[in-house]
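Hello,

Here is the structure for your files. My notes follow below it.

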Amino acid sequence: MTDQTASSTTPAQSQPLPSSALIERLNWRYAAKKLDPAKPVAQDKVERILEATRLAPTSSGLQPYEVIVVTSAAVRQRIVPIAWNQAQITDGSHLLVFAAWDNYTAERINHMFDLTNEVRGFKNEGWENYRNMLLANYPKRDAELNFQHAARQAYIGLSAAMVAAAFEEVDCTPMEGFDPAALDEILGLRARGLRSVVILPLGYRQPEGDWLVKLAKVRRPHEQFITEV
């Protein structure tokens, strides 16, 4: 079940969608293999990318993950050896670490439901019943099962960050190639009830030395990817 938000308008279905700046940016983006260490990403762009991540939907609106922004050169240098020596980690100016809750607890669930009631200014009986359903089921489940569920929500945030980065014309490279336990130790995540899931360096492509930069983007054609029922 996704978060409790809905659009008040329905897009017209009779007209084909026009070409848009977003689609152009998504065609422009790729997983940059070489970032230019002399070109840091402006903070206002980083903030918009992070805000897009914060606004991403999550199951039941729980937001069961956090984003750690690593700018310290020393810390990023420590991360490189436990991440297959991928140079983007230090060549980029920012490293986003998506870290999921290690478990669903009553405290965490109640915090998000209480926050919803505070922001909206009222309590809803159906919403409170839904809270009680989650409280009766999530905390008693196996912690690893709950972590894996939370990790999938973090990937939704990752996708939002990558789309936002493309819109801002900022390069990024999603990475699963790292030792999560080692990264957790470097960042002190386990003490915070978090476990690293995926990382995302931000920067600007450096064509020299990037074997992928001039190659065509390859995706299955629409008819092989989209099925209408």
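I began with the surroundings of R76. Leaving aside neighbours within four places in sequence, R76 is in contact (heavy atoms within 4.5 Å) with V70, T71, I89, T90, G92, S93 and L95. This is a predicted model: local features need pLDDT of at least 70, side-chain atom pairs count only at pLDDT 80 or more, and totals for chains, interfaces and linings use all residues. Numbering runs from 1 along each chain as its sequence is written, and side-chain values use heavy atoms, without hydrogens and water.

R76 sits in helix α3, residues 73-79. Helices here are DSSP runs of H or I with at least four residues, strands are E runs of at least two, and both are numbered from the N terminus. R76 is buried but has no salt bridge. Buried means under 20% relative accessible area (1.4 Å probe, protein chains only). A salt bridge needs a Lys or Arg side-chain nitrogen within 4 Å of a carboxyl oxygen of Asp or Glu. D91, the nearest side chain of opposite charge, is 7.4 Å away. A polar atom of the R76 side chain lies 3.2 Å from the backbone oxygen of T71.

Next, the core. The largest nonpolar core has 53 residues, and F98 and L200 touch the most other members. Such a core joins buried Ala, Val, Leu, Ile, Met, Phe, Trp, Tyr and Cys residues through side-chain atoms within 4.5 Å. Helix α7 gives the most, with 10 residues.

Overall, the protein chain has 9 helices and 4 strands. Of its 229 residues, 41% are buried.

Best wishes

Notes:
Buried means under 20% relative accessible area, exposed over 50%, partly exposed in between (1.4 Å probe, protein chains only). Lys and Arg count as positive and Asp and Glu as negative; His and the chain ends are not counted. A polar contact is a pair of N or O atoms within 3.5 Å; within protein, one must be able to donate a hydrogen and the other to accept it, and residues adjacent in sequence count only if both atoms are side-chain atoms.
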